[in-house]
Amino acid sequence: MNATTDLRLGPIEQIPIGEGRAFDVFGEQVAIFRLRSGRVYAVGAVCPHRGGPIADGQIDGSIVLCPLHLNAFELSTGCSTTGQPDLGSWPVAVDDNGDILVRSRAG
Amino acid sequence: MTSTLERSLPEADIGDPRRKLIVIGNGMAGARTVEEILQRNGAEQFAITMFGDEPYGNYNRIMLSHVLSGEESDQDIYLNSIAWYEENHITLHVGVRATKIDRFAKLVYSNDGQITRYDQLIIATGSNSFMPSMEGLRMADGSLKPGVFAFRTIDDTRGMIEYAQHDNHNRAAVIGGGLLGLEAARGLQAYGLQVDVVHAGGHLMNAQVGPQAGEILRRSVEKLGIEVHVKARTTAIMGEEKVTGIWLLEHPQIECDMVVVAAGIRPSVELAVRSGFTVERAIVVDDQMRTVEDDDVYAVGECVQHRGEVYGLVAPLWEQAVVLADHITGADPLSAYHGSRTATKLKVAGVDVASMGLQGPERDTDEVLVFAEPKKGIFKSLVIRDEKLVGATILGDTSKVAFLMQAFDRGLPLPVERLEMMFNLGTPAAEVGAEELADDAQVCNCNGVSKLALVHAVEGGCKTVNAVMDKTRAGKGCGSCKTLVCQIVEWAAGGAVQEDPSANWYVPGVPLDKPALMDAIRLKELKSVSAVFAALAPAGAEDAKSKMGLASLLKMMWDSDYLDERDARYINDRVHANIQRDGTFSVVPQMRGGVTSVAQLRRIADVAEKHQVPLIKLTGGQRIDLLGIPKESLPQVWADLDMPSGYAYGKSFRTVKTCVGQTFCRFGTGDSTQLGMDLETRYQGLESPAKLKLAVSGCPRNCAESLVKDVGVVAIDGGRWEIYIGGAAGAHIRKGDLLATVHSQGEVMVLSGRFMQYYRENAKWLERTYSFVPRIGVDRIKAIIVDDSDGIATRLDAAISESVAAYRDPWLDGADPVTAGQFRTSLPLEVLPQVPVRSGG
């Protein structure tokens, strides 16, 4: 079991409210979303259906829609609600300095 | 008597704990019923004995006409061979006729001298050919005169074939112009015989179709070389030793070598009558197929009368067999037969015939639709009562039969446009009914969803059409399959589909229809998408699927006062380009009316070269599309192009296609190019519930395809312009409706704008004009837009002018991004599956 590592991705202002941006997290492509509520979520950036860019998707309080074919995924788990494989999810937070911190996935 | 009984009982029966079930009749009904019983583990309950009059296993009587015509051999039509009976331990007495039932002692007497005991009994004696009384029909010994045939059994058929093949036999007469008679006539032609059909009724197939259809059928049959005589009653069959001709009442006699009597069938009820069962037109049974007298004696098939009806078709017989088996085996004691709605679709003598329910209207209020095209042998008539199809007759063209049978059988809602029930009009309509569709048939061609996947979704608990569409993504592509998806869901749910309250909501996340939503937005002055969710959504919850529709609506309503939250926009609207399958974008600069210049072309070529654009393509809207542009390159591409956006990505006013018009074209009657450019200049980029594609053609040759556009304009002689609305030539085809004919380009500008504003305010989200216009009705739209019946023309004109004034070219965003990282790549850094790139010619 590897120790988990946090990665600092810089200020949260890189992500406009209600939108997502793609980041490289230890070699994996991760889409991080900044909700209107202030919460942040991190899920896989590539739609398992046809490779759509998840960070370009629209969100609400619970799901993101892939922009290509509107497959839906839960923001908190990365699980698909439209029968696709999962995106995967990453623990993510905003620290007191307003920086995004993502934790590598255990394993 | 007692001793006879004891002698006739097989030893093996003693000690067998199973009930003794006797089935009298080994035709389609009897054998099918036994099959159904066996499927319900009936072999454990019953020792089964069957009596069959004919010395064969069970065969498909319907196929006898194919045997006659030589399309099938008699071996092909067996349903159950003798071996099948052995395998299932059924005692089959072939060539043995039951002569009497003693229902008090529970005994069956048969003509081989045997007496058999039963616990339960099924009468399935079927029907006999009806032989009308005619002089000379029979010989002195009571047998049919040589050359005279019935058409009911495999022996009849073999006899006919043998006789027809005889060298000296050249001409045959078929008595009876019903289904069977026509089939016999067609079959006999295969042996080179000249065939006459002699029919006592006023028209052919009078049991199934009305006089007009019967007349068209006669023409079709005569085209095949069969002579038809209607209202012709046969009085005598001529010939001493064998047939030489027939006498007809009030018609010339017909010389022939052979006569086939196909004058209908009569239920075989002699046994039941003789044994004391209630027989009216046939043996009377209850909803469990039991006889009136005796709960242990059932009857099934053509020999029964249920609720006053006697059926001569195979489908009701299958339904009866199921109920009987359910009941007698106890598999479902509550199973009940409620009668059948008979709908038949068959080929009679090469002519397609479908008939169901009523042949014609019965009440003053019945709606009747009739289409007849005798030359082509086509006839269609429909009878509609209280918005339900209660009868239909179709000859010749069966393209709509599947839908009609389903509508008739299930009482489906009928299209408002009644003609759609008769013809495929190219409007959104399902061609094949849900039931007929094969399980693996692809219903949604965009997302590859099969009928079976939809059925599984219903079985998995989806109770509404929307739930099924969400689950399977059927109907989520171009949307053209939605009608069929609805039908399949309704069919699969067997009528248990729940009314979807959200069906009328403008967007799924806010439970209001469009007028109520707009009222609430105005009343509460909600100017942003997040404000709408907070004020109107359940628990104030955002909904991702609702954002785009709300953003479009709010922009339309508030114009420059709209508070634009970028996250409410779909990616295309955030970056003003159309996302492609590999996550890159397409860039289509505005090219008003499809008119360009040397300078524009040179600039586009330079940009394409500089950015190494993988694909340059002319669009259907007369523009140039640069495909494969990465998101981060968009601002630089726009800056280099220095042309306004062509809006080839939004739910908005897209483009105006034009033809050359009078400037150069020798046929042109109006300056279509200039008008197209003016329309695009004024209404460019306007948000709307769905995209708007326009066209202007300079003459009625319509080179710009104006008749299939959301708004299409056609110049006609005399300096006038026709304005068409609601056309489409994409996933649906629809010719636009004429809104108005006007005398000036100015009027075209005003009326087009007024119509588009009315559409923006009243259409459902993603409802194209081809659905919107028929939904509202073109007459109503004309009244509002042209005649100002509602007094709103001035307001509509002002509203669209305000939207026009609020227009700002979105590509100006390129120089000054609205949000952080607006054009930052969201693509994974590794290369995604890429669209193959073609090199230009």
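**A walk through chain B**

Author: Start with Leu738(B): neighbours within four places in sequence aside, Leu738(B) is in contact with Glu722(B) and Tyr724(B). Contact means that the C-beta atoms of two residues, placed from the backbone, lie within 7 Å.

Reader: Before we go on, what kind of model is this, and how are things numbered?

Author: This is a predicted model: local features need pLDDT of at least 70, side-chain atom pairs count only at pLDDT 80 or more, and totals for chains, interfaces and linings use all residues. Residues are numbered from 1 along each chain as its sequence is written, while chains are lettered from A and ligands numbered from 1 in the order in which they are written.

Reader: OK. Which strand holds Leu738(B)?

Author: Leu738(B) sits in strand β40 (residues 737-742) of chain B. Strands here are DSSP runs of E with at least two residues, helices are runs of H or I with at least four, and both are numbered from the N terminus.

Reader: What sheet is β40 of chain B in?

Author: An open sheet of five strands, in the order β34-β35-β36-β37-β40 (chain B), with mixed pairing. The edges are β34 (653-658) and β40 of chain B, each pairing on one side only. Two strands pair if DSSP finds at least two bridges between them. On average, neighbouring strands of this sheet are turned by 15 degrees against each other, direction ignored.

Reader: And in what sense do β34(B) and β35(B) pair?

Author: Parallel, over five bridges, with β35 covering residues 692-697 of chain B. Thr655(B) stands opposite Lys693(B) of β35(B).

Reader: Which helix lies across β35, β36, β37 and β40 of chain B?

Author: Helix α22 (residues 745-762) of chain B lies across them, running at about 145 degrees to β40(B). Axes are lines fitted to C-alpha atoms, for helices over the stretch in contact, and angles run from 0 to 180 degrees between N-to-C directions.

Reader: New topic. Where is there a hairpin?

Author: β25(B) and β26(B) form one, with four residues between them. Strand β25 (residues 367-373) and strand β26 (residues 378-385) of chain B run antiparallel and are joined by seven bridges. Glu373(B) has Ile378(B) in β26(B) as its bridge partner. In the turn, Gly377(B) has a positive phi of about 70 degrees.

Reader: Which residues have a positive phi without being glycine?

Author: Met205(B) is one, at about 50 degrees. Arg473(B) is another, at about 70 degrees. Most residues other than glycine have a negative phi.

Reader: Where are those two?

Author: Met205(B) is in the loop between β13 (194-198) and α8 (211-223) of chain B. Arg473(B) is in the loop between α13 (465-472) and α14 (482-492) of chain B. Met205(B) counts as buried, with 25 C-beta neighbours inside 10 Å. Arg473(B) counts as buried too, with 23.

Reader: Now helices. How do α2(B) and α10(B) pack?

Author: Helix α2 (residues 28-39) and helix α10 (residues 314-329) of chain B pack at an angle of about 40 degrees, with axes 8 Å apart. They are therefore oblique to each other. Under 35 degrees counts as roughly parallel, over 145 as roughly antiparallel, 65 to 115 as roughly perpendicular, and the rest as oblique.

Reader: What residues make that contact?

Author: Among them are Met28(B) and Ala29(B) of α2(B), and Leu317(B) and Trp318(B) of α10(B). The contact residues divide into 11 nonpolar, two polar and two charged. Nonpolar covers Ala, Val, Leu, Ile, Met, Phe, Trp, Tyr, Cys and Pro; charged covers Asp, Glu, Lys and Arg; the others, Gly among them, are polar.

Reader: Last one. How many residues does each chain give to the contact between A and B?

Author: Chain A gives 30 residues and chain B gives 28. On the side of chain A that touches chain B, β2 (20-25), β5 (58-59) and β6 (63-65) each supply at least two residues. That side divides into 14 nonpolar, eight polar and eight charged residues.

Terms used. A residue is buried if 20 or more other C-beta atoms lie within 10 Å of its own, exposed if 12 or fewer, and partly exposed in between; C-beta atoms are placed from the backbone.
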